[in-house]
Amino acid sequence: MKAIWKGTVVAESADTVVVEGNHYFPLASLDRQYVIDSSHQTTCSWKGVASYYTLRVDGADNANAAWYYPTPKAGAESVAGRVAFWKGVQIEQ
């Protein structure tokens, strides 16, 4: 699977986990040249606190377009060490 934004592959892996319709890629599959840490966080009632990354491609930013759970709650272990995308990031095979 590939995560693509602005025609650029920002993550690629054959090992994704689908949770609530989102493909969670291994964190190691992120192409870090396109990733900026964000201070944004949200809370999911069953997965826990999500942290975010901003994507930067060709000088354009997609704020908080990727999220991950640094310490997922019990029952959400399948997303540990993984990242998912939204905000216009296309997921393709």
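1. Let's start with the charges. The protein has 8 positive and 9 negative charges, and their mean positions sit 4 Å apart. Keep in mind while reading that this is a predicted model, so everything below describes a prediction.

2. Now the overall fold. There are nine strands and zero helices. Reading from the N terminus, the order of elements is simply β-β-β-β-β-β-β-β-β.

3. On size, the C-alpha atoms fill a box of roughly 40 × 30 × 20 Å along the principal axes. How does the radius of gyration fit a compact globule? For 93 residues such a globule would come out near 12 Å, and the protein has 12 Å, so the two agree.

4. A word on surface and interior. Of the 93 residues, 44% count as buried. The protein exposes about 4900 Å², with carbon and sulfur atoms supplying 47% of that area. As for contacts between residues at least 6 apart in sequence, 45% of them join residues at least 24 apart.

5. Is Asn62 buried or exposed? Its relative accessibility is 6%, and because buried means under 20%, Asn62 counts as buried. A polar atom of the Asn62 side chain lies 2.8 Å from the backbone oxygen of Lys87. Setting aside residues up to four places away in sequence, Asn62 touches Trp5, Tyr53, Thr54, Leu55, Trp86, Lys87 and Val89.

6. Strand S7 covers residues 60-68, and Asn64 lies in it too. Asn64 has a relative accessible area of 16%, so it is buried. Check its backbone as well: phi of Asn64 is near 55°, a positive value in a residue other than glycine.

7. Lys6 has a phi near 55° too, again positive and again in a residue other than glycine. Where does Lys6 sit? You'll find it in the loop between strand S1 (2-5) and strand S2 (8-12). With a relative accessible area of 48%, Lys6 is partly exposed.

8. Next, the loop between strand S4 (22-26) and strand S5 (35-44), which holds Ser29. Ser29 counts as buried because its relative accessibility is 15%. Which backbone oxygen does the Ser29 side chain reach? That of Pro26, at 2.6 Å. Beyond residues up to four places away in sequence, Ser29 touches Val10, Ala11, Glu12 and Ser13.

9. Leu30 is also in the loop between S4 and S5. Its relative accessible area is 6%, so Leu30 is buried. Leaving aside neighbours within four places in sequence, Leu30 is in contact with Val10, Ala11, Val35, Tyr53, Val83 and Phe85. Val10 and Ala11 are among the residues that Ser29 touches, and Tyr53 is among those that Asn62 touches. For another pair to look at, take Leu30 and Val9: they are 21 residues apart in sequence, with 9.0 Å between their C-alpha atoms.

10. Pro70 belongs to the loop between S7 and strand S8 (82-85). Not counting residues up to four places away in sequence, Pro70 touches Val49 and Ser51. Its C-alpha is separated by 8.9 Å from that of Gly48, which is 22 residues away along the chain.

11. Last stop is Glu92, in strand S9 (residues 90-92). Why is Glu92 classed as partly exposed? Its relative accessibility is 37%, and partly exposed runs between the 20% limit for buried and the 50% limit for exposed. Leaving out residues up to four places away in sequence, Glu92 touches Met1, Lys2 and Ile4. Lys2 falls within strand S1 (2-5). Glu92 and Asn62 are 30 residues apart in sequence, and their C-alpha atoms are 19 Å apart in space.

Definitions and conventions:
Residues numbered from 1 in each chain as written. Predicted model: local features only at pLDDT ≥ 70, side-chain atom pairs only at ≥ 80, totals over all residues. Heavy atoms only, no water. Helix = DSSP H or I, 4+ residues; strand = E, 2+ residues; numbered from the N terminus. Buried < 20%, exposed > 50% of the residue type's maximum accessible area, 1.4 Å probe, protein only. Contact = heavy atoms within 4.5 Å. Rg over C-alpha atoms; globule rule 2.2 N^0.38 Å. Areas by Shrake-Rupley, 256 points an atom, 1.4 Å probe, with all protein chains shown as cover. Lys, Arg positive; Asp, Glu negative; His and termini not counted. Charge placed at Lys NZ, Arg CZ, Asp CG, Glu CD. Polar contact = N/O pair within 3.5 Å; in protein donor to acceptor, adjacent residues only side chain to side chain.
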